[in-house]
Amino acid sequence: EKGFHRFEWLHQDFEGQPFWADVSLTLMSFGDRPVIFVNWRDITAFKDLEKMLIEEREQLAVTLSATR
């Protein structure tokens, strides 16, 4: 309805390996026809870092609570 949508999607490559993609869909016109322009980028490295930071934060919380 708004003409734009963005989301993260766990997809797989041609060899079946999973990867995270940041996907945006934009409704556009091509002549007098509506079309959807798709743009995506691989964000697997970002998601891996995010997961690592969450795990380390959890481990730090456990360590801090054990020293009290």
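Visitor: How do you know that strand β1 and strand β2 pair?
Guide: This is a predicted model, and in it β1 (residues 4-12) and β2 (residues 18-30) share nine bridges in the antiparallel sense. Two strands count as paired if there are at least two bridges between them, so β1 and β2 qualify. Among the residues involved, His5 has Leu25 as its bridge partner, Arg6 has Ser24, and Phe4 stands opposite Thr26.

Visitor: What lies between β1 and β2 in their hairpin?
Guide: Five residues, with Gly16 in the turn at a positive phi of about 85°.

Visitor: And what makes β2 and β3 a pair?
Guide: Here 10 bridges join β2 to strand β3 (residues 33-42), and the two run antiparallel. The cut-off is at least two bridges, so β2 and β3 pair as well. One of the contacts puts Asp22 with its bridge partner Arg41 in β3. β2 and β3 also form a hairpin, this time with two residues between them, and Gly31 in that turn has a positive phi of about 70°.

Visitor: Now the rings. Why is the aromatic pair of Phe19 and Trp40 called tilted?
Guide: The structure holds one aromatic pair, and its members are Phe19 and Trp40, 5.7 Å centre to centre with 45° between the planes.

Visitor: Is Phe19 buried or exposed, and how do you know?
Guide: Phe19 has a relative accessible area of 13%. Buried means under 20%, so Phe19 is buried.

Visitor: One more: how do you know that Lys47 lies over the face of Trp20?
Guide: Lys47 is at 4.8 Å from the ring centre of Trp20. The distance limit is 6 Å, so Lys47 meets that part of the test. There's an angle limit too, within 35 degrees of the ring normal, and Lys47 is listed as lying over the face of Trp20.

Notes: Residues numbered from 1 in each chain as written. Predicted model: local features only at pLDDT ≥ 70, side-chain atom pairs only at ≥ 80, totals over all residues. Heavy atoms only, no water. Helix = DSSP H or I, 4+ residues; strand = E, 2+ residues; numbered from the N terminus. Phe/Tyr/Trp six-rings, centres within 6.5 Å; stacked < 30°, edge-to-face > 60°. Buried < 20%, exposed > 50% of the residue type's maximum accessible area, 1.4 Å probe, protein only.
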